[in-house]
Amino acid sequence: MRPEAGQPAPAIELPDGDGRVHRLADYRGSWVLVYFYPKDNTSGCTKEACAIRDVYPRFGKLDAVVLGVSVDPVKSHRSFADRHELPFTLLSDEKKEVVKRWGAWGKKKFMGREYIGTSRISFLVDPAGTIAKIYEKVKPASHAEEVLADLEALRE
């Protein structure tokens with residue numbers, strides 16, 4: 001079941017591309033964009049990651065952290081981040097615990113075929129650890145700008 005805006009964000013404790021464990025609680029006091037994506041090095045996921053990369057300094061100016069989460073292994077994340085010079089953290093959820101807890105794992109449809117996988121969904125978590133906004137219809141190329149606009153409005 002997917003958490004809702006206004007609820008406390010579910011816990012995250014996952015390794016990054018270097019195997020270092022990150023906890024959502026470690027970022028308390030900052031805004032956090034938790035974005036779930038299907039797979040490293042695929043066209044839509046690369047487009048989304050690179051769009052975030054290109055405006056990443058603006059996230060920092062708004063005291064916001066970006067955490068990308070997929071079920072790809074740590075080694076895949078390291079390669080993906082290096083290849084595209086991603087300045088933010090990618091977390092590996094190979095056991096699929098976090099994607100399920102956040103409601104990002106489930107039935108999907110692609111080219112008429114149904115399968116189970118990670119949905120492209122994002123959550124903006126406020127400095128107190130509460131979900132401020134949920135993005136269910138993520139457009140990879142424009143998602144970063146949409147989140148930045150919301151961050152600016154929510155911080156006022």
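1. In what order do the 5 strands of the open sheet run? The order is S5-S4-S3-S8-S9, and the pairing is mixed. Strands here are DSSP runs of E, at least two residues long, and helices are runs of H or I of at least four, numbered from the N terminus. Two strands pair if DSSP finds at least two bridges between them. S5 (89–92) and S9 (131–135) are the edge strands, each pairing on one side only.

2. A word on the basis. This is a predicted model: local features need pLDDT of at least 70, side-chain atom pairs count only at pLDDT 80 or more, and totals for chains, interfaces and linings use all residues. Residues are numbered from 1 along each chain as its sequence is written, and side-chain values use heavy atoms, with hydrogens and water left out.

3. S4 (residues 64–70) pairs with S5 in the parallel sense over 4 bridges. Val 69 stands opposite Leu 91 in S5. Helix H2 (residues 74–84) packs on the sheet and touches S4 and S5. Its direction makes about 160 degrees with that of S5. Axes are lines fitted to C-alpha atoms, for helices over the stretch in contact, and angles run from 0 to 180 degrees between N-to-C directions.

4. Next, the cores. A nonpolar core is a set of buried Ala, Val, Leu, Ile, Met, Phe, Trp, Tyr and Cys residues joined through side-chain atoms within 4.5 Å. Buried means under 20% relative accessible area, exposed over 50%, partly exposed in between (1.4 Å probe, protein chains only). The largest core has 24 residues; Phe 59 and Leu 151 are among those that touch the most other members. Helix H1 (43–61) gives the most to this core, with 5 residues. A second, separate core of 21 residues includes Leu 91 and Trp 102.

5. Phe 59 deserves a look. Beyond its neighbours within four places in sequence, its contacts (heavy atoms within 4.5 Å) include Leu 33, Val 66 and Leu 151.

6. Which residues of H4 are buried? They are His 143, Ala 144, Val 147, Leu 148, Asp 150 and Leu 151. These cover an arc of only 165 degrees around the axis, so they sit on the same side of H4. The arc is that of the directions from the helix axis to the C-beta atoms. They pack against S3, H1, S4, S8 (121–125) and S9.

7. Finally, Ala 141. This residue lies in the loop between S9 and H4 (143–155). Ala 141 is exposed, with a relative accessible area of 55%. Its C-alpha atom is separated by 5.9 Å from that of Lys 47, 94 residues apart along the chain.
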